[in-house]
Amino acid sequence: MDFLLVFKIGFLLFACTLLIHEMPLVTSESVYTPTDCIFLSCGTSGDGTDDGRQWIGDINSEYSPLESFSDNKSMVATTDKQPTTSMYVFPYKHARVSHSQFTYNFNLTPGPKFVRLYFFPTTYQSSNKNLSETKGFMDVAAGIYALLRNFSALLYAEDWVTDTFCNEYNIFVQENQKLNISFSPFFEDSNDAYAFVNAIEIVSMPTYLYYSNPNSSGINVVGEKEQFHITNDTALETHCRVNIGYSRSLLPGEDTGMYRVWEGDVIYFYPPEAPLPKTISANASVNYSKVQAYTAPDKVYQSARSIGSSKLENLTWEVILDRGYKFLVRLHFCEIDLRVTKPGDRLIVISMNDEIVEAGFDILESSGGQMIPIYKDYIVTGPEQAKSEIYQLLISLKPNASSVYDDVILNGLEVFKLSNSLNELDGENPDSPPPPPAVSLIQPPPLPSNKSSNRKTLIIVICACAPVLLIVISLLSRWIVTRKNQRKRKHWESGRESLTCCWLNFYKGKSTKSEGSALPTELCQHFSLSEIRAATNNFDDELVICKGGFGKVFKGEIDGGEKIVAIKRLNPDSE
């Protein structure tokens, strides 16, 4: 009897071994293990941990910065202010600041790296001196690449309605080469100008995750017949990384080992006033037989947007890009609709700015089956105009007329800016006025005064210029409103403290304190329409808790579901 029992147990173990052997070697649990993983907190000697990352201070460490001038060294600085749009505090407690250039040197293994720079523009205290956030204009370079030029972290943060953010770059480190990251004040003649950084993160990535395999055929260029290769001498800046169909961000600890942030998609849907289509999702396991399991987290491929019953003709996402650069656009697909069982069931027309790039893309035919993710890469070239100007990229998906199911899906979106022939990635500050000139020690001599003639001249000038001035103000106001409506929505940090976690580059919370309120500011929080849609699942009737003469009241969830709120939607027909 005992012998039979042992035999049965052995046979079952043997059968399980055969079954496991037949399963894909790469599963949803597989993650990438970086060879280099550095989390450097600048301006401190302390250590800290958040979301699986162990931060170390740069003081008296192997990463202590090199100084350009021994008599004007960089300083450590602290702030009493705590960030409100980030769930992470430790990287922003301290900063390295300097009125001259300072450089960090990193000895790394060869290969591509994520380089992430963290900024918290606020007033810092250093050596009994307050450093105003308005004076922080700087240049930032990594090796031969100009990452930022005349960069104001304050203007950038104000443009994105956030107080902390992170810029992410992809840089290929050659063999026997150090990675040097330099920070320089832009106005070197001004004693008040300074450069600063709060934290630096460097993480290795797989060789061909975003860089082209030399043996591949290349990437299709939109509007052209040529193929393009992203070579190792190219640097990339992450413009956006979006989990389509997911209202909140996937945070660094939820990535596949590379600590990327995947934004919620609400702010990218176009037009903003259009009804937000519902999310479709699947709980089935993802089969990584076509792409590596570290390409994107399971949650990216297990959710998607579809037209469904929204009566939309297509699904469109908007990304604001800089002119004069090339961009890598990556679309992630995974067929999660169980109705789609054979090639031809779903055919998708993919367009970028009215240029058709795929006339009948078949996810199932390309992937080979359901729950098998794939991605499509394209190169988009911005118009050759001034780099300070931006343009709108619209990515649209609609059903092909021959499709069995009159619907489309998209699971994820990534957009990267490629460095130009001058190794530049830098762009202008958003909506920034010309920077103030360096303080001049030579003052022009005063002009002789004649009060009566000056008064007459002034009256004549005012009368002559008033009509022109009114026209200029009107045109300028219209331009500002238009520019505000086309704000960039970019690389990484928004936590569970806001409804829609956006990470343009990264971690950008969209919830802000309201202005002009008589209530205490900590009680006043402003939400955009897209955030309210996310909180109520686009005003889902299933969430209606009561109705009145003025409209419906919806149950909503904010702060990542930690708070339940009632949201009143007024009925436009109500009197």
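**Figure 1. Lining of the second largest pocket.** Strand β37 gives the largest share of the lining of the second largest pocket, three residues. The model is predicted: local features need pLDDT of at least 70, side-chain atom pairs count only at pLDDT 80 or more, and totals for chains, interfaces and linings use all residues. Residues are numbered from 1 along each chain as its sequence is written, and side-chain values use heavy atoms, with hydrogens and water left out. At least two lining residues come from each of α6 (529-535), β37 (551-558) and β38 (563-570); helices (H or I, at least four residues) and strands (E, at least two) are DSSP runs, numbered from the N terminus. In total, 24 residues line the pocket, and Asn 537, Asn 538, Phe 539, Asp 540 and Arg 569 lie nearest its centre. A pocket is an open set of points on a 1 Å grid over the protein atoms alone, where a 1.4 Å probe fits, with protein on both sides within 12 Å along at least five of seven lines; lining residues have an atom within 4 Å of a point. The space in this second largest pocket is about 470 Å³, a volume being the space filled by probe spheres set on the points, which are joined across faces, edges and corners. Its lining divides into 10 nonpolar, eight polar and six charged residues. Here Ala, Val, Leu, Ile, Met, Phe, Trp, Tyr, Cys and Pro count as nonpolar, Asp, Glu, Lys and Arg as charged, and the others, Gly among them, as polar.

Figure 2. The chain has six helices and 38 strands. Of its 575 residues, 49% are buried, where buried means under 20% relative accessible area, exposed over 50%, and partly exposed in between (1.4 Å probe, protein chains only). Cys 42 counts as buried because its relative accessibility is 0%. Cys 166 is also buried, at 0%. The structure holds zero disulfides, a disulfide being a pair of cysteine sulfur atoms within 2.5 Å.

**Figure 3. The open sheet of five strands.** The strand order is β4-β7-β14-β11-β12, and the pairing is antiparallel. The edges are β4 (66-67) and β12 (145-152); each has a single partner strand, so one side of each lacks a neighbour in the sheet. Two strands pair if DSSP finds at least two bridges between them. Within the sheet, β7 (residues 102-107) and β14 (residues 178-185) are joined by six bridges in the antiparallel sense, and Phe 106 stands opposite Leu 179 in β14. The loop between β13 (165-173) and β14 contains Asn 176. Asn 176 is not a glycine, yet has a positive phi of about 60°; its relative accessible area of 80% makes the residue exposed.

Figure 4. Strands β22, β23 and β30 form an antiparallel open sheet in the order β22-β23-β30. Both β22 (279-281) and β30 (409-410) stand at the edges with a single partner strand each, so one side of each has no neighbour in the sheet. Three bridges link β22 to β23 (residues 303-306) in the antiparallel sense, with Ile 280 opposite Ala 304 in β23. Pro 271 lies in the loop between β21 (269-270) and β22. The peptide bond joining Tyr 270 and Pro 271 is cis, with omega about -5°.

**Figure 5. The β26-β27 hairpin.** Strands β26 (residues 348-352) and β27 (residues 355-361) pair in the antiparallel sense over four bridges. Ser 351 stands opposite Ile 356 in β27. Two residues lie between the strands of this hairpin, and Asn 353 in the turn has a positive phi of about 50°.

Figure 6. Met 371 is in the loop between α4 (363-367) and β28 (374-381). Although not a glycine, Met 371 has a positive phi of about 60°, and the residue is buried, with a relative accessible area of 8%. Ser 127 sits in the loop between β9 (124-126) and β10 (129-131) and counts as exposed at 61% relative accessibility. Its C-alpha atom is separated by 8.0 Å from that of Met 75, 52 residues apart along the chain.
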